[in-house]
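User: Could you walk me through this one? I'd like to start with the ligand and then go over the helices.

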Amino acid sequence: MTTGTHPAPLRVLVFGAALRAGSTNARLASLVARLIAESGADVDLARMRDFPMPLYDGDAEAVMGPPQGALALRGRLEWCDAFVISSPEYNASVPGVLKNAIDWVSRIQPQPFKTKHALLVSASPSMVGGNRGLWALRVPLEHLGTRVYPDMFSLAHAYEGFTEDGRLAHPGSQERLAETVSAFVHLVEADVRYVCLQRRWYEFLGDRTEAPVTQRAEG
Ligand SMILES: Cc1cc2nc3c(=O)[nH]c(=O)nc-3n(C[C@H](O)[C@H](O)[C@H](O)COP(=O)(O)O)c2cc1C
């Protein structure tokens with residue numbers, strides 16, 4: 001929110017969506033977190049193993065409610081203005097662990113995705129860098145009301161893709177990642193500071209429970 005001439009820093013959660021210790025997506029998430037921190041934003045770097053949770057089960061939910069991992073992830077999402085997910089591609093789609101986490105968190109009302117911006121990035125040893133998985137990941141996030149940034153970044157040949165200090169080995173890729181992240185942060189900043197995008201999201205058709213729509217030209 002804007003407060004006089006000293007607006008509070010943007011808050012961005014950067015989330016590596018793979019479980020394994022040597023995850024290239026965790027490395028890409030760290031690099032994105034560094035770039036965002038350099039822009040002056042507050043960054044919360046997280047990874048999937050911070051949020052252990054069982055497979056979604058409606059019976060378990062009815063008895064025990066959402067698991068601690070889902071509550072913790074929801075809390076981290078609530079804190080931020082925007083989030084970045086660095087996700088692998090599994091069989092040309094979203095990894096099950098990530099979809100499972102989204103499903104659990106979406107069950108906690110009010111679900112936090114609908115008020116956030118998101119940037120999607122991926123790393124893969126393949127030549128396409130996991131880009132098809134990001135297209136699939138847009139679907140549940142956009143369904144939940146997240147404003148998913150149109151541009152995405154996919155790092156191909158990721159096992160050889162990083163320098164020792166955590167930057168991208170290919171200078172052109174490093175430049176493109178930095179440009180994409182910077183443009184995303186500027187959009188989030190414009191929305192958070194000037195409320196220029198339409199805010200309303202309908203839980204279901206006919207829902208009138210939220211604040212009035214803020215039109216693009218208002219504010
Ligand atoms: C079940 C499974 C399916 C995969 N499918 C794809 C795929 O469709 N496209 C791709 O580029 N890589 C695929 N991979 C390889 C992953 O990109 C690779 O394991 C990558 O290192 C995972 O990301 P991480 O390094 O962050 O763990 C697959 C890996 C697994 C385990």
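Predicted model: local features only at pLDDT ≥ 70, side-chain atom pairs only at ≥ 80, totals over all residues.

User: Okay, how many residues surround the ligand, and which are the closest?

Analyst: There are 15 residues around the ligand, and the closest are Arg20, Ser23, Glu89, Ser124 and Tyr159; a residue counts as near if one of its heavy atoms lies within 4 Å of the molecule. By class, this shell holds six nonpolar, six polar and three charged residues, where Ala, Val, Leu, Ile, Met, Phe, Trp, Tyr, Cys and Pro count as nonpolar, Asp, Glu, Lys and Arg as charged, and the others, Gly among them, as polar.

User: Which polar side-chain atoms lie by an oxygen atom of the ligand?

Analyst: A polar side-chain atom of Ser124 is 2.6 Å from a ligand oxygen atom, and one of Asn25 is 2.8 Å from an oxygen atom of the ligand; a polar contact here is a pair of N or O atoms within 3.5 Å.

User: And what about a nitrogen atom of the ligand?

Analyst: A ligand nitrogen atom lies 2.8 Å from a polar backbone atom of Asn91. Asn91 sits in the loop between strand 3 (82-86) and helix 4, and has a positive phi of about 50° although it is not a glycine. Most residues other than glycine have a negative phi.

User: Switching topic: at what angle do helix 3 and helix 4 cross?

Analyst: The axes of helix 3 (residues 68-79) and helix 4 (residues 96-106) cross at roughly 80° and come within 9 Å, the axes being lines fitted to C-alpha atoms over the stretch in contact, with angles from 0 to 180 degrees between N-to-C directions. The two helices are therefore roughly perpendicular to each other, a label used for 65 to 115 degrees.

User: Which residues make that contact?

Analyst: Helix 3 contributes Ala70, Leu73, Arg74 and Leu77, and helix 4 contributes Ala101, Trp104 and Val105, with contact meaning heavy atoms within 4.5 Å.

User: Where is Pro110 found?

Analyst: Pro110 is in the loop between helix 4 and strand 4 (117-123), and a cis peptide bond with omega of about -5° joins Gln109 to Pro110.

Notes. Residues numbered from 1 in each chain as written. Heavy atoms only, no water. Polar contact = N/O pair within 3.5 Å; in protein donor to acceptor, adjacent residues only side chain to side chain. Helix = DSSP H or I, 4+ residues; strand = E, 2+ residues; numbered from the N terminus. Parallel < 35°, antiparallel > 145°, perpendicular 65-115°, else oblique.
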